Amino acid sequence: MSVESLVSQLKTGLDAPICLTWELTYACNLQCVHCLSSSGQRDHRELSTVEAKRVLDQLRELQVFYINIGGGEPMVRRDFFELVEYSVTPNQHGSGIGVKFSTNGAFIDAEKARRLAAMEYLDIQISLDGVDAVTNDAVRGAGSYDMARRAMDNLAAANFGPFKISVVVTRQNVPQLDQFKALADSYGAQLRVTRLRPSGRGVDSWDHLHPTNLQQREIYDWLMASGENVLTGDSFFHLNALGPSLPGLNMCGAGRVVCLIDPIGDVYACPFVIHDEFRAGNVRDPGGFARVWKQSDLFTSLREPQSAGACASCGAFDACQGGCMAAKFFTGLPLDGPDPECVGGDGEVALAELAATPVAVSLKPRPAMDHTKPARVPVLS
Ligand code: SF4
Ligand code: SF4
């Protein structure tokens with residue numbers, strides 16, 4: 001099958017998501033300034049162990065082959081290991097579901113590292129946003145760099161194998177991309193770089209943290225030159241307007257191949273759009289997740305052909321697809337307009353026009369929920 005026909009098939013949606021993120025809890029020991037889910041405090045409506053297992057059985061029946069588990073910090077859940085083991089083990093509902101989970105590493109001591117290393121179908125992403133404590137802790141909080149490095153040391157000592165180091169690319173750490181790669185290589189790990197979105201607490205930190213237009217070019221050039229063994233997900237397809245396309249899918253998969261189940265069971269089109277406008281249903285609703293995925297009005301409409309809007313006249317539209325829906329939505333830009341980080345500069349112009357219109361600024365969407373603990377978020381200098 002050609003890439004073009006694969007992409008057009010994916011745009012109309014699949015029987016099951018291929019990139020399902022499940023945030024197990026809003027509770028977190030850290031409170032990163034760019035947290036896409038504004039995590040911190042546990043939500044009392046969190047899915048119970050029994051409910052979570054029921055969701056896993058539904059995913060098995062849908063033949064979902066792996067899930068990304070996140071949070072909050074998923075390891076704060078007392079049933080974390082129970083749920084992971086339940087997921088990877090086949091049962092009467094179907095095959096095991098592989099798990100990749102994202103963590104800040106706080107709870108990966110030597111004993112837990114050995115336990116994780118002994119499990120099959122499990123991958124781990126340790127979050128790190130700077131190659132030194134100064135850069136990292138400014139975003140993720142005091143002590144978080146040492147915490148992540150300790151977890152990496154423990155995983156390496158337990159012979160876990162090639163875990164991932166997951167970096168949100170910011171204005172402050174773009175100059176460190178080579179060093180991140182060297183750090184990952186030193187552990188026999190794999191580097192994963194993702195794009196900063198203005199979601200969750202990122203709504204308020206995006207202006208300060210997002211890479212400049214010049215740096216967008218730097219990221220593109222770096223990925224072209226050094227990105228061969230670097231994972232990016234769908235993060236950087238807006239950069240394809242700069243030249244030959246980066247490897248990976250150049251499309252927004254929200255509601256088509258991507259979705260999020262949040263800790264209270266709400267299903268959103270993607271992890272970066274926790275807002276009522278992108279909430280398709282709840283796994284507690286009749287028919288559960290399967291019904292939401294297959295029949296919700298929101299996902300049905302996202303699988304329809306989308307208008308190119310203001311980007312239609314841009315010669316780079318086929319490569320860039322107008323960028324990321326979440327980035328547009330939470331910066332207040334129209335969904336059929338240019339991405340706020342449009343490499344042609346159209347996004348900057350649109351943002352400047354928006355900033356000059358007080359009514360539009362006051363209507364800028366805010367995330368649906370905020371689980372931030374009072375006065376615990378690092379202060380950006
Ligand atoms: S909204 Fe953005 S982050 Fe979400 S799936 Fe689309 S491109 Fe990816
Ligand atoms: S104008 Fe639209 S399609 Fe063109 S580069 Fe910018 S975001 Fe992409």
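View 1. The model is predicted; local features need pLDDT of at least 70 and side-chain atom pairs count only at pLDDT 80 or more, while totals for chains, interfaces and linings use all residues. Residues are numbered from 1 along each chain as its sequence is written, and chains are lettered from A and ligands numbered from 1 in the order in which they are written. H2 packs against helix H10 (residues 288-295) at an angle of about 50°, the axes being 8 Å apart. Helices are DSSP runs (H or I, at least four residues) and strands likewise (E, at least two), numbered from the N terminus. Axes are lines fitted to C-alpha atoms, for helices over the stretch in contact, with angles from 0 to 180 degrees between N-to-C directions. Val55, Gln58 and Leu59 of H2 meet Gly288, Phe289 and Ala290 of H10; contact requires C-beta atoms, placed from the backbone, within 7 Å. This contact has four nonpolar, two polar and no charged residues. Ala, Val, Leu, Ile, Met, Phe, Trp, Tyr, Cys and Pro count as nonpolar, Asp, Glu, Lys and Arg as charged, and the others, Gly among them, as polar.

**View 2. H2 and H3 are roughly parallel to each other.** The axes of H2 (residues 49-61) and H3 (residues 80-88) come within 10 Å and cross at roughly 20°. On H2 the contact is made by Thr49, Ala52, Lys53 and Leu56, and on H3 by Glu82, Leu83, Tyr86 and Ser87. Four nonpolar, two polar and two charged residues make up the contact of H2 with H3.

**View 3. H5 and H6 are roughly perpendicular to each other.** Helix H5 (residues 133-140) and helix H6 (residues 144-157) pack at about 110°, with axes 8 Å apart. Ala133, Asn136, Asp137 and Arg140 in H5 meet Ser144, Tyr145 and Asp146 in H6. By class, these are two nonpolar, two polar and three charged residues. Alanine 138 also lies in helix H5. Alanine 138 is buried, with 22 other C-beta atoms within 10 Å; the cut-offs within 10 Å are 20 or more for buried, 12 or fewer for exposed, and partly exposed in between, with C-beta atoms placed from the backbone. Alanine 138 and valine 33 are 105 residues apart along the chain, and their C-alpha atoms are separated by 8.5 Å.

**View 4. Asparagine 250 lies in the loop between helix H9 (213-226) and strand E7 (258-261).** Asparagine 250 is partly exposed, with 19 other C-beta atoms within 10 Å. Apart from neighbours within four places in sequence, asparagine 250 contacts Phe237, Asn240, Ser245, Ala319 and Gln321. Serine 87 is 163 residues from asparagine 250 in sequence and 30 Å away in space, C-alpha to C-alpha.

**View 5. Residues surround ligand 1 and ligand 2.** A residue counts as near a molecule or strand if its C-beta atom, placed from the backbone, lies within 6 Å of it. The shell around ligand 1 consists of Asp234, Cys252, Gly253, Ala254, Val258, Cys270, Phe272, Val273, Cys324, Met325 and Ala326. These divide into nine nonpolar, one polar and one charged. Ligand 2 is surrounded by 14 residues, the closest being Cys311, Cys314, Cys320, Pro338 and Cys342. The shell around ligand 2 has nine nonpolar, three polar and two charged residues.

Conventions. Parallel < 35°, antiparallel > 145°, perpendicular 65-115°, else oblique. Contact = placed C-beta atoms within 7 Å.
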